[in-house]
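Colleague: I'm new to this model and would like a close look at one part of it, the nonpolar core. Could you walk me through that, and then through the packing around it?

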Amino acid sequence: MWSSLPSFVAVYPEALLVTVASIMALVDRWIRPKAVFTWATIITALVALGLVFLTQGATFGASYAADSYGVFFKMIFLLVLLLVTLLSPGYNQLLKINFGEYYALLMFAVTGMMLMASTRDIILLYLGVELMSLSVYVLVGLLYNELRSLEGAMKYFLLGSFASAFLLLAMTYLYGLTASTNIEVIAKKVLEYGLSGNKALALSAALFVIAFGFKVALVPFHMWSPDAYEGAPTSVTAFMSVGPKAAGFAAMGRVFLVALGASKLEWTQLLVPLAVLTMFTGAILAVVQTNIKRLLAYSSITHAGYAVLGIIAGTKEGMAATMAYLFLYAFMNIGAFATIILLRRKDFLGENIYDYQGLSKTHPTVALVMLLFLFSLTGIPPTAGFIGKFYVFRAAFEAGHVWLVIGAVLASAIAAYPYLRIVMLMYMKPPEKEVEITLTPYIFAGLLVSVLGVLLFGVYPAPVIDFARACCAGFLP
Amino acid sequence: MEVALRMAEFPLLSAIIWLPVLGAIALLILPRNDRLIRWFTLVVSLVDFAIALPLFSWFDKSFSGMQFVEKHTWIKAWNISYFLGVDGISVLFILLSALITILCVLISWEAVTEKVKEFHIALLLTSAAMMGVFCSLDLFLFYLFWEAMLIPMYLIIGIWGGPNRLYATIKFFLYTLVGSVLMLVGIIFLYLKAGTFNILEIMKLGLPYHFQFWLFWAFFAAFAVKVPMWPVHTWLPDAHTEAPTAGSVILAGILIKMGAYGFLRFSLSFFPVAAKAMMVPMLVLSVIAIVYGGIICLAQTDLKRLIAYSSVSHMGFVTLGIFSLEGNAVEGAILQMINHGIVTGALFMCVGIVYERTHTRAIKDYGGLATVMPIYAAFFMVFTLASIGLPGTNGFIGEFLILLGTFASKRWAAALGALGVIIGAAYMLRLYQQVFYQEVNPKVAGLPDVKMREVLALIPMLFLVLIIGCYPTPFLAFMHESVRSLLEHVHGASAVSFSEIIKEGLHVVLPS
């Protein structure tokens, strides 16, 4: 009898996360010291990370597979979960949102992302997207007393639902054409039936581009992101600036490179202009921002534009580049948000970029750390940001997108200005306001991990490159 | 071209590069005691110079390949290695960088009073990155140092600079970054073609002309901004004017040499065909820089700005020498880079010395300094004459060799370039006259003369000006072999017909 049940080995990490998250959401009322939840999340994330590396194989009728492609992305998600958990406690306490549900929602979102990364079935992909999105909508709206938090959550929810509809429609076309929801079967059928030039398939690809464009915030589907980033609690912003984005790219890899691999020409044609638009719009709009969360929102739009270059390349190397890029991006971006959190006090947002004026004088170490993250985001060696950028540029160049790469490097030169502006304020202007730093051991650990990640992988990126390559090796033919 | 390697028994170059980095890390944990920090940095830079000195004597001048080579695998996945080495083209720059670092510490002893720790960290990191640029034999490593140097330099100008420093530093950063990222695209292309970042391997690549043409311009973007060549020179006057004295000295002394070094090391050896084909446009740009920079100098009212524009003119001579592709001229260009580093660096130090006392850079605020500060005036006189290129000073040797070589390859360029010498004499002498002679301006009356520390910083420069001016042979001997083999490589490459140059040129405007 037991033998007829599917083996659950492949979903052990996800099962663990869901179980712990459900328990945490339930017992929140009875547990006073909220540090329990923080520690539970940290430990769960670490255990899940270990399980991710140990589990292998497919389950549920080959619709879900713990393959190496998924392993890399799951590593990113769990890293994000870990870092975000580390920078949450003090800040969340201040905003009175440091409760079990917060961590539970983070874990549910991460579970959704993991589903997206490991799925081999588009229905399951949709479930993953929804699980992730719904959790994040709630997280964005956690500060429901604040108007901007509500506004951000509302915008995110409405536009996100809209994107989900596009996703469903795209899947419908795909199912209609191939009579299957399994990604590998779809890929085979597309080839078999000679569908690569089919109009309906092209339409499906276009709809996928729109849906994923929303999720990873490609221009012109980025409208929600500055508002949602600004309105959400900063710890959540740190989470959503990397996690859901990476999940979106994981799904893009599955759908575009595998299922729609045959009609590469069509979706490349759609993604190239989007990528150019994204990189330049993000870079230019970031120049005029004065709220640092909005600024980083636009910056993360630009970074999505770079990351999509790897998908556009459409090769193994390109996918590996995007994966490495997202992994390295997690360190610097979450690090930057952690620094923003440091400045937050009860009656002081610390979100205006002029609050950073003269920080090097009052808090030299914090300023130095922020400087490091900002230069990494700019992509100046010897930081991780440069390695990531170099990798995606290289992959896109190799695939023949020379002009796209030239556009990308020029956009990165424009994008340097907003970061430089913050450095300028921190280092070259006298302090005007009294700024205090609230440093908890958690956030210190989070910052330490981020700084080490940015520096270590900036100087010695070989392990990341090798691992990303190894994970992509079996993914594409 | 096969380049011979001579491995190092002791990782000398690594020691030279990483010692300042270690020093910077040590500074980070040192207490904020300004005196201690200054002395510590001085000791670090002195030790670094002492380690670099053996290069001067151990360097085998009869060997044309790379010496003191170190090679270790670094990022295997991309075939990147930690690959260092020097030849006759780069060895002198390392010595100059080490020397200038010491002088920068001395010269900012009293000028920098704010964030002393950060200043010295930035200074040491800049110095390390600059030496890394000159030693790298791996393109990736080179680019790493090349870009990494931007961060401390951005901070040096932006934090310790003059009133308009924010504008100047952003402009500096963005100009350089745009140039560098275009080079990055070129580097990626070369890497994908050659499968390696090894500079010596890429030299053997022998790409067809239409690739070389585009790559030449991609690399040109980075180097021309750094040199700076006309018309992308506009960041330099701003950066020089606003930078603190040490920043100006580094900029003039080493940083802008990196561009010219890049032309020599990469543009000529990677793209010999394109370099030959683009010779005339490059010479034209150089002549424009010489004459235009000189004429602009005549109209300057700010001491530092004048010297900054004179840099544009002098670096025009350097690129003129490089792209005339003639042995004497190339050697002259390398020597002139060193000379310009010494002379202009010294001039900026001199300006810094009076600026500390008067806090004005306007020429009209000075006058009659020769009676107020006679020793200072004597120093300034020597550097002025060296800048003009008076026989007996190093400037003469460099400019003479460049013009000699250029005359042999393109007469018109030499004739027009020589104009620059005349204009140079006009603006430098005019400057000297207005600042040191005439009535004593009440604003400068009673200024104390140079101090011991300042003399100590200026003496090595003075010494080098006269040594190179009177007996340049030992310095030129470093270059002979390397320059000869480089030019053999360039002239050995197949030439392109004139019609193809025109055709390829038209492709830029009208894609085929």
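**The core and the helix packing**

Modeller: Let's start with the largest nonpolar core, which has 399 residues. The residues with the most contacts inside this core are Phe77(A), Val80(A), Leu309(A), Ala324(A) and Ile94(B). Keep in mind that this is a predicted model. Helix α14 of chain A, residues 316–343, supplies the largest share of the core, 21 residues. There's also a second, separate core of five residues, including Ala10(A), Val11(A), Ala65(A) and Ala66(A).

What does Val80(A) touch, once you leave aside its neighbours within four places in sequence? Its contacts are Phe239(A), Val242(A), Gly243(A), Ala330(A) and Ile334(A).

Two of those names, Phe239(A) and Gly243(A), turn up again in helix α11(A), where α5(A) meets it. Helix α5 of chain A covers residues 100–118 and helix α11 of chain A covers 234–259; their axes come within 8 Å and cross at roughly 20 degrees. Angles under 35 degrees count as roughly parallel, so α5(A) is roughly parallel to α11(A). As for handedness, the crossing of α5(A) and α11(A) is left-handed. On the α5(A) side you'll find Leu106(A), Ala109(A), Val110(A), Met113(A), Met116(A) and Ala117(A). Facing them in α11(A) are Phe239(A), Gly243(A), Pro244(A), Ala247(A), Ala250(A) and Ala251(A). By class, that contact comes to eleven nonpolar residues, one polar and no charged.

Chain B has a helix pair to set beside that one. Helix α1 of chain B (residues 12–29) and helix α4 of chain B (residues 116–135) have axes 9 Å apart and pack at an angle of about 165 degrees. Angles over 145 count as roughly antiparallel, so that is how α1(B) runs relative to α4(B). The crossing of α1(B) and α4(B) is left-handed. Among the residues making the contact are Leu13(B), Ile16(B), Trp18(B) and Leu27(B) of α1(B), with Lys117(B), His120(B), Leu124(B) and Met131(B) of α4(B). The residues of this contact divide into 15 nonpolar, four polar and one charged.

Next, a pair of single residues. Gly321(B) is 38 residues away from Leu283(B) in sequence, and their C-alpha atoms are 8.6 Å apart in space. Beyond four places in sequence, Leu283(B) is in contact with Leu320(B), Phe323(B), Ser324(B), Lys410(B) and Ala413(B).

Ile353(A) sits in the loop between α14 and α15 of chain A. Ile353(A) is partly exposed, with 18 other C-beta atoms within 10 Å. From Ile353(A) to Ile292(A) there are 61 residues in sequence, but 5.5 Å in space, C-alpha to C-alpha. Apart from neighbours within four places, the contacts of Ile353(A) are Thr290(A), Ile292(A), Leu295(A), Ile422(A) and Leu425(A).

Finally, the place where the chains meet: 24 residues of chain A are in contact with 26 residues of chain B. On the chain A side, the elements giving two or more residues are α17 (384–398), α18 (402–428) and α20 (462–473). Helix α18(A) gives the largest share, eleven residues. By class, the chain A side has 19 nonpolar, one polar and four charged residues.

Methods
Residues numbered from 1 in each chain as written. Chains lettered and ligands numbered in written order. Predicted model: local features only at pLDDT ≥ 70, side-chain atom pairs only at ≥ 80, totals over all residues. Core = buried A, V, L, I, M, F, W, Y, C linked by C-beta atoms within 7 Å. Buried ≥ 20, exposed ≤ 12 C-beta atoms within 10 Å, placed from the backbone. Helix = DSSP H or I, 4+ residues; strand = E, 2+ residues; numbered from the N terminus. Contact = placed C-beta atoms within 7 Å. Nonpolar A, V, L, I, M, F, W, Y, C, P; charged D, E, K, R; others polar. Axes fitted to C-alpha atoms, helices over the stretch in contact; angles between N-to-C directions. Parallel < 35°, antiparallel > 145°, perpendicular 65-115°, else oblique. Left-handed = near helix turned anticlockwise from the far one by under 90°.
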